[in-house]
Amino acid sequence: MADSPKPRRILLGITGGIAAYKAAVLCRLLVKRGMDVQVVMTAAAQRFVAAATLQALSGKPVESDLWSDRTPNGMGHIDLSRDRDLIVVAPASADFLARLAGGRADDLLSTLCLARACPLAVAPAMNWQMWDNPATGRNVAQLRADGVQILGPDSGVQACGETGEGRMLEPEDILRQVESRLGPGPLAGRRVLLTAGPTFEAIDVVRGITNRSSGRMGYALAQAAREAGAEVTLVSGPVALAPPPGTLLVPVESAAQMLAAVEAHVARCHVFIGVAAVADYRPTQICKQKLKKSTQTLTLELEPTEDILATLSTRPGAPFCVGFAAESQDLERYAEEKRRRKQLPLLAANAAETAIGAQDNALILFDDAGRHPLPRGPKLEQARLLIAHMIPLLERWERSGAHTHQEPNLQ
Ligand code: C5P
């Protein structure tokens with residue numbers, strides 16, 4: 001079993017220049033590509049763009065102060081860059097380049113750069129005369145000699161109205177350079193569709209049948225697929241979770257709505273992962289008013305819902321389909337039987353009582369090679385292991401031509 005893969009981790013440093021507003025776009029692009037982004041801003045950067053914007057886009061608190069340390073060991077000036085694969089400073093002002101070249105450590109970002117154990121790339125942004133100044137030239141030459149990657153700058157019209165070299169590279173260009181350095185992620189170019197959470201089958205205008213699914217496993221898988229570089233659409237029943245940043249959320253209630261949403265998106269997708277705890281039955285009729293209490297026995301008539309996963313997986317030209325099985329007895333036998341019946345290359349089995357609604361899980365993966373138990377752990381770790389296990393199966397399945405269409409229909 002492969003080790004749990006980690007998302008590509010970036011520290012995005014933002015310094016004080018008008019191009020700081022473009023750093024918000026860069027942050028969004030990095031997150032959308034499934035990267036884990038920690039933003040660190042200088043005091044001057046915060047005069048151009050609010051930390052709250054970057055916090056919302058990166059999904060985590062922005063750090064800026066060397067003296068208000070939130071790390072558990074009080075070593076934020078070192079720790080914040082320790083688990084990063086790359087530091088990108090965009091925009092990098094003339095002053096910041098000078099401080100970097102001089103080995104200064106007089107604020108959090110410069111300290112993190114000096115104490116780093118990962119590569120550093122900077123995207124200079126400044127007025128063309130500042131860029132042309134020999135002092136800046138010396139600093140940039142020193143940084144290149146120190147192994148710092150210099151991204152750009154571009155030339156063109158500047159914020160001051162003058163024209164020349166010194167514009168920051170466009171966020172898309174910086175993203176390309178970051179990806180060419182770190183790799184695009186094993187699921188780059190793939191679109192993954194997931195279902196998650198419970199469904200809610202209405203009985204009357206206020207009541208319904210649902211289950212204890214929290215959506216955590218499906219949301220964790222959406223995050224793990226996004227971290228691996230996939231474009232992710234998450235069709236979710238009612239849950240109290242925020243969708244992972246960079247995923248497209250399609251909220252639904254009933255099994256019928258979930259099927260309709262899946263049908264609307266599946267043609268574009270390479271992979272379908274059915275994690276939702278879809279109701280197996282729904283009331284044959286939904287009462288248009290709130291049902292009145294009485295002393296009589298009330299009998300609900302239920303009809304089966306359509307099996308979303310089986311509908312897709314047994315269809316010609318189906319995407320690569322992954323199923324889940326939650327059972328309270330004879331888990332492994334039912335799981336493998338379900339995998340065969342629904343014609344799934346991969347199925348994850350979990351014990352219904354301990355998995356549904358819980359924080360942790362202990363999945364057993366079933367594929368053509370047999371059973372692969374995962375060590376119990378948080379659902380995000382389980383999800384990353386499942387995605388790591390799935391990738392070679394998907395690649396083999398694509399190479400074998402088991403899918404009847406080579407490229408999904410993009411209409
Ligand atoms: O047969 P069972 O419901 O136990 O199968 C579970 C798997 O099938 C899960 O992957 C679940 O998301 C999917 N499923 C579905 N539509 C249903 C019932 C289950 O997609 N109506």
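**Notebook: prolines, helix pairs and a ligand**

I started at P91, which lies in strand β3 (residues 86-92); strands here are DSSP runs of E with at least two residues, helices are runs of H or I with at least four, and both are numbered from the N terminus. The model is predicted, so I kept in mind that local features need pLDDT of at least 70 and side-chain atom pairs 80 or more, while totals for chains, interfaces and linings use all residues. Residues are numbered from 1 along each chain as its sequence is written, and side-chain values use heavy atoms, with hydrogens and water left out.

**Backbone entries**

I looked at the peptide bond from A90 to P91 and found it cis, with omega near 0 degrees. I noted another cis bond between G152 and P153, with omega about 0 degrees; P153 sits in the loop between β5 (149-150) and β6 (154-157). Then I turned to D330, in the loop between β16 (320-327) and α12 (331-341). D330 is not a glycine, yet its phi is positive, about 50 degrees.

**Helix pairs**

How do α1 and α2 pack? I found α1 (residues 20-32) and α2 (residues 51-58) at an angle of about 15 degrees, with axes 9 Å apart. Axes are lines fitted to C-alpha atoms over the stretch in contact, and angles run from 0 to 180 degrees between N-to-C directions. That makes α1 roughly parallel to α2 (under 35 degrees is roughly parallel, over 145 roughly antiparallel, 65 to 115 roughly perpendicular, the rest oblique). The contact (heavy atoms within 4.5 Å) involves A23, A24, C27, R28 and V31 of α1 with T53, L54, L57 and S58 of α2.

Next I checked α4 (residues 94-101) against α7 (residues 134-145): their axes come within 9 Å and cross at roughly 50 degrees. α4 is therefore oblique to α7. I listed A94, L97, A98, L100 and A101 of α4 meeting T136, N139, V140, Q142 and L143 of α7.

**Ligand**

Which residues are closest to the ligand? I counted 15 residues around the ligand, the closest being G274, A276, L309, F324 and K338 (a heavy atom within 4 Å qualifies a residue). A ligand nitrogen atom is 2.9 Å from a polar backbone atom of E306, and a ligand nitrogen atom is 2.9 Å from one of I308. At F324, I found a polar backbone atom 2.8 Å from a ligand oxygen atom.

Terms used:
Polar contact = N/O pair within 3.5 Å; in protein donor to acceptor, adjacent residues only side chain to side chain.
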